[in-house]
Amino acid sequence: MSQRIDGHPYPMIQALEQYRREGQTIGFVPTMGCLHRGHQALIEASRNDGNLTVVSVFVNPAQFGPNEDFDKYPRDNDRDYELAAAAGGDIVWYPDVADLYPADAQTSVRPGALADKLCGISRPQFFPGICTVVLKLFNLVRPHQAYFGEKDYQQLAIIRRMVADFYLEIDVVGCQTVRETDGLAMSSRNRYLTEADRDTALTLVRTIEAARRAFAEGERNAAALKTHLTKAWPKDLELDYLDFREPDFLEEEHQLKAETRLFLGAWLRGIRLIDNAAIG
Ligand code: AMP
């Protein structure tokens, strides 16, 4: 039976204490809700690792800019509970903003150079907001393992860095991107895409596939491939970045290698779309 806990973390902490005493390891899947199969894969991974699994559902105001979609971000708490429970989540926790950001809170996390690139350029508040809330959540849940998707690869790299920098005893587990049958990376925001949008949104995964083909055919020059990939870019898809980066520090890669990742960020009618994958 999955347990649903709304609001204040105390009942969740108390429930976890009991499991901890029994020697149970705790797995944690932080989410912003509106769950889909990508989230469920993280929950299943935690379950398969033998963890008592906590799923948090919290749309974090600190990671949204003033003109972004915080108010419009999809919320569906009852459905989320069903999907989290179906995937094997044991505790589904819905903190309120006041639980995580009480009026007297002052301190936040400022990530380093990993956060100053890719999504960090157009969304400067994004990674500080994520690190701050994830550290709060980590300290409340005190998981042994925490699960994050490679769909948000930069986020995963930054969280790993934060865990190392603050000596947190948490094993951060990265999970592969789950895609729709047409290849589109699953995202809570996909529900805003119309039929016509959807074809345009597929540009991201098609661009990754084109990069993979070019690499397989011997292309090694990142600048030349970038020019080729952006040549037929759809006008209504506002490109934020298309960058080849190495997988650890996300430094720009000029000579392409199998492990080089292509990172894409764009907006379609204001809907944020990102994707990334290794090209080899
Ligand atoms: P979000 O609710 O978008 O903040 O995502 C919560 C967690 O789910 C993050 O670790 C994401 O990287 C992960 N996630 C979101 N979409 C996917 C996906 N399509 N495949 C795998 N993981 C995902």
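**Around the ligand**

Start with helix 2. Three residues of the shell around the ligand come from helix 2, and that is the largest share. Keep in mind that this is a predicted model.

Now the whole shell. There are 16 residues around the ligand. Those that come nearest are Met 32, His 39, Asp 152, Val 178 and Met 186. By type, the shell divides into eight polar residues, six nonpolar and two charged.

Which side chains put an N or O atom by an oxygen atom of the ligand? Take His 39. An N or O atom in its side chain is 2.8 Å from a ligand oxygen. Then Asp 152. Here the distance from a side-chain N or O atom to an oxygen atom of the ligand is 2.6 Å. Met 186 uses its backbone. A backbone N or O atom of Met 186 lies 2.9 Å from a nitrogen atom of the ligand.

How much of the ligand does the protein cover? On its own, the ligand has 480 Å² of accessible area, and the protein covers 93% of that.

And where does the ligand sit? In the largest cavity.

Let's step back to the protein chain. Its secondary structure comes to ten helices and nine strands. The radius of gyration is 19 Å, close to the 19 Å that the globule rule gives for 280 residues, so the chain is as compact as a globular protein of that length. Along the principal axes, the C-alpha atoms fill a box of roughly 55 × 40 × 40 Å.

That's the tour. Over to you.

Note on methods:
Residues are numbered from 1 along each chain as its sequence is written. This is a predicted model: local features need pLDDT of at least 70, side-chain atom pairs count only at pLDDT 80 or more; totals for chains, interfaces and linings use all residues. Side-chain values use heavy atoms; hydrogens and water are left out. A residue is near a molecule or strand if one of its heavy atoms lies within 4 Å of it. A polar contact is a pair of N or O atoms within 3.5 Å; within protein, one must be able to donate a hydrogen and the other to accept it, and residues adjacent in sequence count only if both atoms are side-chain atoms. Accessible areas come from the Shrake-Rupley method with a 1.4 Å probe; for residues, only the protein chains shown count as cover. On a 1 Å grid over the protein atoms alone, a cavity is a set of points where a 1.4 Å probe fits but cannot get out, and a pocket is an open set with protein on both sides within 12 Å along at least five of seven lines; lining residues have an atom within 4 Å of a point. A molecule sits in a cavity or pocket if more than half of its atoms lie within 2 Å of its grid points. Helices (H or I, at least four residues) and strands (E, at least two) are DSSP runs, numbered from the N terminus. Ala, Val, Leu, Ile, Met, Phe, Trp, Tyr, Cys and Pro count as nonpolar, Asp, Glu, Lys and Arg as charged, and the others, Gly among them, as polar. The radius of gyration is taken over C-alpha atoms; the globule rule is 2.2 Å times the number of residues to the power 0.38.
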